[in-house]
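Dear colleague,

Please find the structure below, together with its sequence. My notes on it follow.

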Amino acid sequence: KEGKKKNWTIFLLLSLCAAYTHYFALIAVMFVYLYLLFALVRRDGVTQLWRWCICTGITVVLYIPWLVVALWQILNQEHLSDHANWIPPITLKQIIGFYSFLTTPSYHDLLDMIVCLFMTVLIVLVCVEYMMKRRKNRKIEMSTDDYMIFAGMIALGGEILFGIVTSLVLQPVFAARYIVCG
């Protein structure tokens, strides 16, 4: 059921819709595709790999028309000269701002941020405990939900990491609201 053509088609269409929506959604889609590649190889060996290759190839081909526009925008930054400085440089304060944007209802409330930081640490500890139990008892298999949770975490983390690195190496391009795209 998991390898049905219908599921791959829906995945392809939704991936394209996200990629055409925003550049950082495209980055999240790329990380989902990479995660799916590793998950498929780990779970099924290479039996489903051909479906992944076809889906990836079609996605790339159908994104090429917008890729031309994206490359033009990246290479011709003078059209942005009036708005070039609206995204501030990446600092530790900005990174903390990304975290608070994701986790707190009010962007600047210290108590909310402390509570959310505590909850994040608690969730990470529960995940680590789960992974340790899996390691001790090899009979525990990852469920589809587990794979989906990890895919989401990788897409979100990859998008944030890409935004931070790109902003540090090239120019500031990442704002907290772009996290929602992933």
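**Aromatic pairs and their surroundings**

Phenylalanine 24 is buried, at 6% relative accessibility; buried means under 20% relative accessible area, exposed over 50%, and partly exposed in between (1.4 Å probe, protein chains only). Please note that this is a predicted model, in which local features need pLDDT of at least 70 and side-chain atom pairs count only at pLDDT 80 or more, while totals for chains, interfaces and linings use all residues. Residues are numbered from 1 along each chain as its sequence is written, and side-chain values use heavy atoms, with hydrogens and water left out.

The structure holds 4 aromatic pairs. Rings of Phe, Tyr and Trp (its six-membered ring) pair if their centres lie within 6.5 Å; planes under 30 degrees apart count as stacked, over 60 as edge-to-face and the rest as tilted. One of the pairs joins tryptophan 8 and phenylalanine 11 edge-to-face, at 6.3 Å centre to centre and with 85 degrees between the planes. These two residues are 3 apart in helix 1, which means that about one helical turn separates them. Tryptophan 8 is buried, with a relative accessible area of 11%, whereas phenylalanine 11 is partly exposed, with 22%.

Another pair is formed by phenylalanine 24 and phenylalanine 162, also edge-to-face: 6.3 Å centre to centre, with 70 degrees between the planes. Phenylalanine 24 lies in helix 2 (residues 23-44) and phenylalanine 162 in helix 6 (residues 144-169), so the pair ties together parts that are 138 residues apart in sequence. Phenylalanine 162 is partly exposed, with a relative accessible area of 36%.

**Helix 1**

Helices (H or I, at least four residues) are DSSP runs, numbered from the N terminus. In helix 1, the buried residues are Trp8, Leu12, Ser15, Leu16 and Ala19. Seen down the helix axis, the buried residues of helix 1 fall within an arc of 100 degrees, so they line one face of the helix; the arc is that of the directions from the helix axis to the C-beta atoms. Lys6, Leu14 and Thr21 are exposed on the other side of helix 1.

**Isoleucine 64**

Isoleucine 64 is placed in helix 3 (residues 49-75).
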